[in-house]
Amino acid sequence: MKLFLLLGAINAFLAVALGAFGAHGLEGKIPEKYIKSWQTGVQYQMFHAGGLFVIAFLVDKFTNIGIFTTAGWLFLIGIILFSGSLYVLSVTQISILGAITPLGGLAFLAGWLLLGYAAIRYL
C-alpha cells in the first residue's frame with residue numbers, strides 16, 4: 001500500500017506543479033498546440049495519480065491478489081510514457097516523440113481493464 005500511495009502522492013504533486021508551470025511558465029513561449037498537449041499530459045497524470053491511490057487501498061485490502069499491483073504498475077508506466085512524452089514533445093517540439101504517447105495510452109487502458117476484471121472477479 002505504502003508504495004502506491006507514495007507514487008500517487010508524487011504524481012499528484014507533479015501534476016499540480018507541471019500544470020502551474022504550463023499555465024504560467026510556457027504561455028507565450030511555445031505554440032498553443034503544444035500548450036494543449038502539455039495540459040493533456042497534466043490531466044492524464046492527475047487522473048492516474050488518483051488511480052494509484054485506489055490501487056494502494058486495494059493492494060492493502062487484497063494482499064493475495066497480484067492483479068491490483070500489476071494494474072498499478074501499468075498506471076505508472078502509462079504516466080511516464082503518455083504524460084512524459086507529451087511534456088517532452090511540448091518543450092522540444094520534436095514530433096517523433098508523439099509516437100511514444102500511444103504506448104502510454106495502451107498501458108493506461110490495460111491497467112483499467114485489469115482493475116475492472118479484478119473488480120468483477122474478486123469484489
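Q: How far apart do the end C-alpha atoms of residues 96–120 lie, and what percentage of the span is helix?
A: The end C-alpha atoms of residues 96–120 lie 39 Å apart, and the span is 80% helix and 0% strand, where helices are DSSP runs of H or I with at least four residues and strands are E runs of at least two, numbered from the N terminus. This is a predicted model, in which local features need pLDDT of at least 70 and side-chain atom pairs count only at pLDDT 80 or more, while totals for chains, interfaces and linings use all residues. Residues are numbered from 1 along each chain as its sequence is written, and side-chain values use heavy atoms, with hydrogens and water left out.

Q: Where does UniProt place the feature "transmembrane region"?
A: The unreviewed UniProt entry places that feature at residues 41–59, 71–90 and 96–120; positions are given in the numbering used here, feature names are shortened, and annotations may be inferred rather than shown by experiment.

Q: And what is the make-up of residues 71–90?
A: The span 71–90 is 100% helix and 0% strand, with its end C-alpha atoms 28 Å apart.

Q: Is S90 buried or exposed?
A: S90, which has its place in helix α3 (residues 66–92), counts as buried at 0% relative accessibility; buried means under 20% relative accessible area, exposed over 50% and partly exposed in between, with a 1.4 Å probe and protein chains only.

Q: Which residues is S90 in contact with?
A: Leaving aside neighbours within four places in sequence, S90 is in contact with I30, Y34, S37 and W38, contact meaning heavy atoms within 4.5 Å.

Q: Switching topic, at what angle do α1 and α2 pack?
A: Helix α1 (residues 2–25) and helix α2 (residues 32–61) pack at about 160°, with their axes 8 Å apart; axes are lines fitted to C-alpha atoms, for helices over the stretch in contact, and angles run from 0 to 180 degrees between N-to-C directions. That makes α1 roughly antiparallel to α2, since angles under 35 degrees count as roughly parallel, over 145 as roughly antiparallel, 65 to 115 as roughly perpendicular and the rest as oblique.

Q: Which residues is F4 in contact with?
A: F4, which is found in helix α1, is buried with a relative accessible area of 4%. Apart from neighbours within four places in sequence, F4 is in contact with L52, I55, A56, V59, T69, G72 and W73.

Q: What about the phi of Q93?
A: Q93, in the loop between α3 and α4 (101–122), has a positive phi of about 60° although it is not a glycine. Most residues other than glycine have a negative phi.
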